[in-house]
Amino acid sequence: MLEPSLLRALVWTDYRLAVLFTVFLPLVLLLWAFVQKNESIQHLLTIYWRVASLLMITVYLMIGGFNISFLSGLMARILIPVGLWFWVDLNEEIREQPDSLLKLLFSAWRWAITIYNIIGGAIVLGFLPCAFSNARFGAADCQTWLEPPLLYKEYFHAGYTNGFLGFFGILGLVIYMASLAWFVFVRLGKQGRQAIN
(Lines give C-alpha, C1' and ligand atoms only; values in the text may rest on other atoms or scores of the structure.)
Protein backbone atom coordinates (compact mmCIF):
# COMPACT_ATOMS: atom_id res chain seq x y z
CA MET A 1 0.00 0.00 0.00
CA LEU A 2 1.28 3.47 -0.88
CA GLU A 3 1.89 6.22 1.62
CA PRO A 4 -1.10 8.62 1.65
CA SER A 5 0.98 11.57 0.41
CA LEU A 6 2.50 9.50 -2.40
CA LEU A 7 -0.92 8.15 -3.40
CA ARG A 8 -2.40 11.66 -3.41
CA ALA A 9 0.46 12.87 -5.64
CA LEU A 10 -0.07 9.89 -7.96
CA VAL A 11 -3.83 10.50 -8.22
CA TRP A 12 -3.46 14.21 -8.92
CA THR A 13 -0.72 13.53 -11.48
CA ASP A 14 -2.99 11.00 -13.17
CA TYR A 15 -5.84 13.52 -13.43
CA ARG A 16 -3.51 16.21 -14.78
CA LEU A 17 -2.16 13.81 -17.41
CA ALA A 18 -5.75 12.80 -18.22
CA VAL A 19 -6.66 16.43 -18.94
CA LEU A 20 -3.62 16.73 -21.21
CA PHE A 21 -3.82 13.39 -23.04
CA THR A 22 -7.57 12.73 -23.10
CA VAL A 23 -9.00 16.24 -23.48
CA PHE A 24 -6.60 18.95 -24.59
CA LEU A 25 -4.41 17.14 -27.16
CA PRO A 26 -7.20 15.22 -28.93
CA LEU A 27 -9.26 18.42 -29.14
CA VAL A 28 -6.34 20.28 -30.75
CA LEU A 29 -5.73 17.35 -33.11
CA LEU A 30 -9.41 17.18 -34.08
CA LEU A 31 -9.54 20.89 -34.87
CA TRP A 32 -6.29 20.61 -36.83
CA ALA A 33 -7.59 17.60 -38.79
CA PHE A 34 -10.77 19.54 -39.54
CA VAL A 35 -8.79 22.53 -40.84
CA GLN A 36 -6.54 20.23 -42.91
CA LYS A 37 -9.61 18.30 -44.16
CA ASN A 38 -7.99 15.03 -43.08
CA GLU A 39 -11.10 12.83 -42.98
CA SER A 40 -9.52 9.62 -41.67
CA ILE A 41 -7.95 11.34 -38.65
CA GLN A 42 -11.20 13.28 -38.11
CA HIS A 43 -13.18 10.04 -38.20
CA LEU A 44 -10.85 8.23 -35.80
CA LEU A 45 -10.85 11.17 -33.38
CA THR A 46 -14.66 11.31 -33.51
CA ILE A 47 -14.72 7.64 -32.56
CA TYR A 48 -12.20 8.43 -29.81
CA TRP A 49 -14.48 11.12 -28.32
CA ARG A 50 -17.41 8.70 -28.26
CA VAL A 51 -15.35 6.05 -26.47
CA ALA A 52 -13.59 8.51 -24.14
CA SER A 53 -16.90 9.96 -22.96
CA LEU A 54 -16.81 7.13 -20.42
CA LEU A 55 -14.06 9.07 -18.60
CA MET A 56 -16.43 12.01 -18.05
CA ILE A 57 -19.17 9.62 -16.98
CA THR A 58 -16.68 8.19 -14.46
CA VAL A 59 -16.00 11.66 -13.06
CA TYR A 60 -19.72 12.20 -12.45
CA LEU A 61 -20.07 8.75 -10.90
CA MET A 62 -17.21 9.62 -8.54
CA ILE A 63 -18.86 12.93 -7.66
CA GLY A 64 -22.01 10.97 -6.83
CA GLY A 65 -20.01 8.60 -4.63
CA PHE A 66 -20.76 5.46 -6.65
CA ASN A 67 -18.23 2.69 -6.24
CA ILE A 68 -19.00 1.45 -9.77
CA SER A 69 -16.90 4.42 -10.92
CA PHE A 70 -13.76 2.32 -10.38
CA LEU A 71 -15.09 -0.25 -12.87
CA SER A 72 -16.12 2.37 -15.42
CA GLY A 73 -12.72 4.08 -15.08
CA LEU A 74 -10.90 0.82 -15.74
CA MET A 75 -13.22 0.05 -18.63
CA ALA A 76 -12.48 3.47 -20.17
CA ARG A 77 -8.73 2.83 -19.93
CA ILE A 78 -9.21 -0.44 -21.82
CA LEU A 79 -11.67 0.82 -24.44
CA ILE A 80 -9.76 3.98 -25.41
CA PRO A 81 -6.68 2.17 -26.82
CA VAL A 82 -8.93 -0.49 -28.38
CA GLY A 83 -11.02 2.21 -30.07
CA LEU A 84 -7.91 3.95 -31.42
CA TRP A 85 -6.30 0.85 -32.93
CA PHE A 86 -9.31 -1.34 -33.80
CA TRP A 87 -10.32 0.01 -37.22
CA VAL A 88 -8.47 -1.67 -40.09
CA ASP A 89 -9.61 0.77 -42.77
CA LEU A 90 -8.78 3.94 -40.83
CA ASN A 91 -5.40 2.60 -39.72
CA GLU A 92 -4.55 1.76 -43.32
CA GLU A 93 -5.68 5.16 -44.61
CA ILE A 94 -3.64 6.99 -41.97
CA ARG A 95 -0.59 4.79 -42.62
CA GLU A 96 -0.77 5.49 -46.38
CA GLN A 97 -1.04 9.27 -45.99
CA PRO A 98 2.00 11.29 -46.99
CA ASP A 99 4.17 12.37 -44.10
CA SER A 100 2.99 15.55 -42.43
CA LEU A 101 3.26 17.22 -39.05
CA LEU A 102 -0.37 16.37 -38.28
CA LYS A 103 0.18 12.68 -39.06
CA LEU A 104 3.36 12.62 -36.95
CA LEU A 105 1.74 14.33 -33.95
CA PHE A 106 -1.41 12.22 -34.23
CA SER A 107 0.65 9.02 -34.28
CA ALA A 108 2.75 10.22 -31.34
CA TRP A 109 -0.40 11.09 -29.37
CA ARG A 110 -2.01 7.75 -30.20
CA TRP A 111 1.03 5.85 -28.88
CA ALA A 112 1.32 8.12 -25.84
CA ILE A 113 -2.34 7.78 -24.84
CA THR A 114 -2.13 4.01 -25.35
CA ILE A 115 0.87 3.75 -23.01
CA TYR A 116 -0.76 6.17 -20.54
CA ASN A 117 -3.92 4.05 -20.42
CA ILE A 118 -2.03 0.77 -20.04
CA ILE A 119 -0.02 2.13 -17.10
CA GLY A 120 -3.05 3.90 -15.61
CA GLY A 121 -5.18 0.79 -16.03
CA ALA A 122 -2.59 -1.30 -14.19
CA ILE A 123 -2.65 1.21 -11.32
CA VAL A 124 -6.46 1.37 -11.18
CA LEU A 125 -6.56 -2.43 -11.24
CA GLY A 126 -4.94 -2.34 -7.80
CA PHE A 127 -7.90 -0.30 -6.53
CA LEU A 128 -10.59 -2.48 -8.12
CA PRO A 129 -11.67 -3.82 -4.69
CA CYS A 130 -13.02 -0.29 -4.09
CA ALA A 131 -15.72 -1.14 -6.65
CA PHE A 132 -17.02 -4.23 -4.88
CA SER A 133 -17.24 -3.30 -1.21
CA ASN A 134 -18.82 -0.23 0.37
CA ALA A 135 -16.50 -0.61 3.36
CA ARG A 136 -13.48 -0.72 1.06
CA PHE A 137 -14.86 2.18 -1.00
CA GLY A 138 -15.01 4.28 2.19
CA ALA A 139 -11.32 3.66 2.96
CA ALA A 140 -8.94 6.59 2.71
CA ASP A 141 -7.02 5.27 -0.31
CA CYS A 142 -10.22 4.77 -2.35
CA GLN A 143 -11.54 8.17 -1.31
CA THR A 144 -8.33 9.81 -2.51
CA TRP A 145 -9.41 9.05 -6.08
CA LEU A 146 -12.56 11.11 -5.52
CA GLU A 147 -10.71 14.32 -4.59
CA PRO A 148 -10.09 15.64 -8.14
CA PRO A 149 -13.69 14.99 -9.31
CA LEU A 150 -14.99 16.76 -6.20
CA LEU A 151 -12.74 19.74 -6.93
CA TYR A 152 -14.03 19.72 -10.53
CA LYS A 153 -17.55 19.81 -9.07
CA GLU A 154 -16.67 22.83 -6.93
CA TYR A 155 -15.34 24.69 -9.98
CA PHE A 156 -18.07 23.85 -12.48
CA HIS A 157 -21.14 22.66 -10.54
CA ALA A 158 -20.93 24.33 -7.15
CA GLY A 159 -24.68 24.93 -6.96
CA TYR A 160 -25.64 21.27 -7.42
CA THR A 161 -25.63 18.35 -4.99
CA ASN A 162 -23.35 15.36 -5.45
CA GLY A 163 -26.37 13.07 -5.78
CA PHE A 164 -27.90 15.17 -8.54
CA LEU A 165 -24.66 15.09 -10.55
CA GLY A 166 -24.22 11.39 -9.77
CA PHE A 167 -27.64 10.75 -11.31
CA PHE A 168 -26.31 12.13 -14.60
CA GLY A 169 -23.33 9.82 -14.24
CA ILE A 170 -25.65 6.81 -13.87
CA LEU A 171 -27.82 7.99 -16.78
CA GLY A 172 -24.72 8.47 -18.92
CA LEU A 173 -23.45 5.02 -17.99
CA VAL A 174 -26.77 3.39 -18.96
CA ILE A 175 -26.75 5.16 -22.34
CA TYR A 176 -23.08 4.32 -22.88
CA MET A 177 -23.58 0.63 -22.07
CA ALA A 178 -26.63 0.45 -24.36
CA SER A 179 -24.60 2.01 -27.20
CA LEU A 180 -21.69 -0.35 -26.54
CA ALA A 181 -24.02 -3.37 -26.54
CA TRP A 182 -25.57 -2.22 -29.84
CA PHE A 183 -22.08 -1.83 -31.33
CA VAL A 184 -20.85 -5.25 -30.13
CA PHE A 185 -23.96 -7.28 -30.91
CA VAL A 186 -25.29 -5.52 -34.02
CA ARG A 187 -22.84 -3.26 -35.83
CA LEU A 188 -19.69 -5.32 -35.30
CA GLY A 189 -21.34 -8.38 -36.87
CA LYS A 190 -22.36 -6.40 -39.96
CA GLN A 191 -19.27 -4.24 -40.53
CA GLY A 192 -16.47 -6.00 -38.68
CA ARG A 193 -13.42 -3.83 -38.17
CA GLN A 194 -14.40 -1.37 -40.92
CA ALA A 195 -15.28 2.07 -39.55
CA ILE A 196 -16.57 3.42 -42.85
CA ASN A 197 -19.61 1.82 -44.52
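A residue is called buried when its relative accessible area is under 20%, exposed when it is over 50%, and partly exposed in between (1.4 Å probe, protein chains only). The structure is a predicted model, in which local features need pLDDT of at least 70, side-chain atom pairs count only at pLDDT 80 or more, and totals for chains, interfaces and linings use all residues. Residues are numbered from 1 along each chain as its sequence is written, and side-chain values use heavy atoms, with hydrogens and water left out.

The chain contains 9 helices and 0 strands. Both are DSSP runs, numbered from the N terminus (helices: H or I, at least four residues; strands: E, at least two). Of the 197 residues, 42% count as buried. The C-alpha atoms fill a box of roughly 50 × 35 × 35 Å along the principal axes.

Helix α5 spans residues 101-125. Its 25 residues reach 35 Å from the first C-alpha to the last, close to the expected 36 Å. That expected span is 1.5 Å times one less than the number of residues. Buried residues of α5 include Leu102, Phe106, Trp109, Ile113 and Val124. Arg110 and Lys103 are also buried. The cover over the buried residues of α5 includes α1 (4-36), α2 (39-63), α3 (69-85) and α4 (88-96).

Lys153 lies in helix α8, residues 147-156. Lys153 counts as buried because its relative accessibility is 8%. Contact means heavy atoms within 4.5 Å. Leaving out residues up to four places away in sequence, Lys153 touches Ile63, Ala158, Tyr160, Thr161, Asn162 and Leu165.
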